[in-house]
Amino acid sequence: MKNVGSSNEVVITEAMEYCSEKNYNAIVALFKGAGFTNVTAIPLNDLNMFTMKNNGKVDSVSINGDEEFEEGDIFPKNSHVTITYHCGR
């Protein structure tokens with residue numbers, strides 16, 4: 001079993017579990033603030049004038065390629081966190 005208090009690990013919080021539809025800048029700050037050192041935001045460039053209300057909203061968050069994580073899960077600080085978000089073309 002992993003040591004929960006390790007300085008090289010991050011424990012997932014409830015706020016990190018529910019990111020969809022939130023502003024991607026806030027989610028990037030949330031994950032970096034928790035201690036993750038490898039956070040990347042990727043624009044989807046998928047919006048048009050009819051869907052611009054979703055501009056900047058998170059589409060998905062993955063940690064080391066896995067979108068399935070929950071509160072209490074533990075990951076190394078250097079895990080790859082990828083945040084995809086909606087934006088205009």
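Here are some questions and answers on how the terms apply to this predicted model.

The model is predicted, so local features need pLDDT of at least 70 and side-chain atom pairs count only at pLDDT 80 or more, while totals for chains, interfaces and linings use all residues. Residues are numbered from 1 along each chain as its sequence is written, and side-chain values use heavy atoms, with hydrogens and water left out.

Q: What makes up the protein chain, and in what order do the elements run?
A: The chain has two helices and five strands. Helices (H or I, at least four residues) and strands (E, at least two) are DSSP runs, numbered from the N terminus. From that end on, the order is β-α-α-β-β-β-β. The C-alpha atoms fill a box of roughly 50 × 20 × 20 Å along the principal axes.

Q: What is Cys19 in contact with, leaving aside its neighbours within four places in sequence?
A: Contact means heavy atoms within 4.5 Å. By that rule, Cys19 is in contact with Ile27, Phe31, Val58 and Val61. As for Ile63, its C-alpha is 13 Å from that of Cys19, and the two are 44 residues apart in sequence.

Q: How do you know which class the aromatic pair of Tyr24 and Tyr85 belongs to?
A: Rings of Phe, Tyr and Trp (its six-membered ring) pair if their centres lie within 6.5 Å; planes under 30 degrees apart count as stacked, over 60 as edge-to-face and the rest as tilted. The structure holds three aromatic pairs. For Tyr24 and Tyr85 the values are 3.6 Å centre to centre and 5 degrees between the planes, which makes this pair stacked. The pair links distant parts of the chain, with Tyr24 in helix H2 (residues 24-34) and Tyr85 in strand E5 (residues 80-85), 61 residues apart. Tyr85 has a relative accessible area of 11% and is therefore buried.

Q: Why does the pair of Phe69 and Phe75 get its class?
A: The ring centres of Phe69 and Phe75 are 6.4 Å apart and the planes stand at 85 degrees, so this pair is edge-to-face. Both Phe69 and Phe75 are buried.

Q: How do you know which strands pair in the open sheet?
A: Two strands pair if DSSP finds at least two bridges between them. E3 and E5 have five bridges, in the antiparallel sense, and E2 and E5 have six, in the parallel sense. The open sheet of three strands has the order E2-E5-E3, with mixed pairing. Strand E2 (38-43) and E3 are called edge strands, as each pairs on one side only.

Q: Which residues in E5 are the bridge partners of Val61, Ser60 and Thr40?
A: In E5, Val61 has Ile83 as its bridge partner, Ser60 has Thr84, and Thr40 has Thr82. Ile63 stands opposite Val81 in E5.

Q: What makes E3 mostly covered?
A: Five of the six residues in E3 are buried.

Q: Which residues of the largest nonpolar core touch the most other members?
A: A nonpolar core is a set of buried Ala, Val, Leu, Ile, Met, Phe, Trp, Tyr and Cys residues joined through side-chain atoms within 4.5 Å. In this core of 19 residues, Phe31, Phe36, Val61, Ile63, Val81 and Ile83 touch the most other members. H2, strand E3 (58-63) and E5 each give two or more residues, and the largest share, four residues, comes from H2.

Definitions and conventions:
Buried means under 20% relative accessible area, exposed over 50%, partly exposed in between (1.4 Å probe, protein chains only).
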